[in-house]
Amino acid sequence: MIIGIDDTDSRKGMCTTYLCAVLVDELREYGDVSTPRLVRLNPCIPFKTRGNGAISFEVVCAGKEEEVKEVVRTRVCELSELNEEGTNPGVVFGCVLDIISYAEEETLKHFYERAVREVLTLEDTYSTLADLQFDYFGLKNRRGLIGALAAVSFFVLQRNQPNYYDFTYELIEYRKKQNRGKARVIDEASVWKADAATYPLTWDTVDVANNKIVFAPHSPCPVLFGIRGDSADAIYRADKLIHAEPEERKMLFITNQGTDSHLIPLYAATKAKLHEFHSYSLVGEVCSNPKTIEGGHVVFPISLSDSGTIECIAYEPTKGFRNLIRKLRVGDEITAFGSQKKGTINLEKIEIRKLNVVEERNPRCGKCGRSMDSAGRLQGYRCKRCGTHRAHKEVVTIKRQIEEGFYETPPVARRHLSKPLVRVTAKRIHPSR
Ligand code: ATP
């Protein structure tokens, strides 16, 4: 039986991954329990508490399904933040064979991919649950069923074909009850050492450019820290090197974090194809030089294939990434990666596909070498000193302060789903670290 759970926490406490870790440990007495999955869903969903995460795992417990369901129901009722307005738990119990039919696979795939990229309704979810004949349980408005079913879908697809979707790992350590709400005790020097010993197999533990440790939350939730990476071995090696307050428990998750699964690629984007709360990779051309606006955010428009434009923004928290953005100029061909909110693309990374190195200038006088002035509308250019005349502007090749390739926001500003460039195999990558 595959169990998916979502929406049990609030900003004031708890974390669905913690509930998952408690259940995985507890349910081992009923049968084998798999490595749990942590799926991040559409990062633009307004109802999310933090990272729009949901979890799933499998318990092989032939004959004890009802007992297992009862344990899950009890823990969800006990540990969910039910008094908080935005907490609406959902649990899905999926009974899926190792070999699934093509129709089932399509249904699961469709639901998971929509949950990562689009905005689903509870009606979509009830109808998919009915098609798949999955049992479920929810509390309050039961919105968590959306994430819970998406997490079960990811589990099935990924269990049956491990490379069906790109995936990474996160090892999360949880705090003892008596320490929650207090400042986290973590020896920072040991974290830098662990990072140096295991990067790039682990990533987003520290942010070198901003001199910050980024693997621990600052909220009152039970998470002490999470080590992310591509290799479970490297993650455990890093974990051994880190000195911190004693943990209550730890759990390794297989996850879609750091995979860019939320991005919808659009090579010929038009205004009509772009929707709020969706994330894209958009090919376009910079059509005005970037400018810095109030708050330190940097904005510029790119042209779309229908000759419309869309504004891109690098927010202040993206720190040094904005310096790169400020160096773009009209005519640069780029791919912008990010989410559309209020009609603007919030940048997570960009690829500079082709720099515009051509500049038109007033021509220089052949005699004195000085810049010529306009001689009037449509009358070319004239040197005031020498009286020489030229009909057109001069086209010169300029040197740019940036190179072509991929650039990204730094780890301090990274979204869970954004693929760090250290994981990208393309040429000309400029990872931020
Ligand atoms: P945490 O990361 O701490 O678990 P969270 O950020 O995951 O918190 P939730 O409390 O789980 O936030 O709230 C997200 C809600 O949005 C859930 O009810 C989930 O079912 C729902 N949801 C997730 N993805 C979508 C989607 N694509 N469309 C509509 N609703 C969604």
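## Domain layout

The centres of domain 3 and domain 4, taken over C-alpha atoms, are separated by 35 Å. The domain assignment divides the chain into domain 1 (2-160), domain 2 (168-255), domain 3 (263-357 + 400-414) and domain 4 (358-397); these bounds come from an automatic or database domain assignment. The structure is a predicted model, in which local features need pLDDT of at least 70 and side-chain atom pairs count only at pLDDT 80 or more, whereas totals for chains, interfaces and linings use all residues. Residues are numbered from 1 along each chain as its sequence is written, and side-chain values use heavy atoms, with hydrogens and water left out.

Along the principal axes, the C-alpha atoms of the chain fill a box of roughly 100 × 50 × 40 Å. The chain contains eight helices and 26 strands, where helices (H or I, at least four residues) and strands (E, at least two) are DSSP runs numbered from the N terminus. Of the 433 residues in the chain, 54% are buried. Here buried means under 20% relative accessible area, exposed means over 50%, and partly exposed lies in between, with a 1.4 Å probe and protein chains only.

A search of the whole structure finds one cavity of 30 Å³ or more. A cavity is a set of points, on a 1 Å grid over the protein atoms alone, where a 1.4 Å probe fits but cannot get out, and its lining residues have an atom within 4 Å of a point. Grid points are joined across faces, edges and corners, and the volume is the space filled by probe spheres set on the points. The largest cavity holds about 60 Å³ of space.

Thirteen residues, written as 13 in the count, line the largest cavity, and Y199, W203, D204, R414 and S432 lie nearest its centre. The lining comprises eight nonpolar, one polar and four charged residues. In this classification Ala, Val, Leu, Ile, Met, Phe, Trp, Tyr, Cys and Pro are nonpolar, Asp, Glu, Lys and Arg are charged, and the others, Gly among them, are polar. Domain 2 (168-255) and domain 3 (263-357 + 400-414) each contribute at least three residues to the lining.

## Backbone geometry

P200 is placed in the loop between α6 (188-198) and β8 (202-203).

Two residues other than glycine have positive phi: D7, at about 60 degrees, and K342, near 50 degrees. D7 is found in the loop between β1 (2-6) and α1 (16-27) and is buried, with a relative accessible area of 10%. K342 is in the loop between β18 (333-341) and β19 (344-354) and is exposed, with a relative accessible area of 79%.

## Salt bridges

Side chains of opposite charge can pair when their charged atoms come close. The structure holds 33 salt bridges, each being a side-chain nitrogen of Lys or Arg within 4 Å of a carboxyl oxygen of Asp or Glu. In one of them, R75 pairs with E26, the closest N and O atoms being 2.6 Å apart. This pair links distant parts of the chain, with R75 in helix α2 (residues 65-79) and E26 in helix α1, 49 residues apart. E26 is partly exposed, at 25% relative accessibility.

E316 and K319 form a salt bridge at 2.8 Å, N to O. E316 is partly exposed at 26%, as is K319 at 31%. R414 is buried, with a relative accessible area of 15%, and E408 is buried at 5%. Elsewhere, salt bridges that share partners join D25, R28, R180, E248 and R249 into one network.

Strands of a sheet pair through backbone hydrogen bonds, either parallel or antiparallel.

Strand β22 (residues 381-382) runs antiparallel to β23 and is joined to it by two bridges; strands count as paired if DSSP finds at least two bridges between them. Y381 stands opposite R390 in β23.

Technical notes. On a 1 Å grid over the protein atoms alone, a cavity is a set of points where a 1.4 Å probe fits but cannot get out, and a pocket is an open set with protein on both sides within 12 Å along at least five of seven lines; lining residues have an atom within 4 Å of a point.
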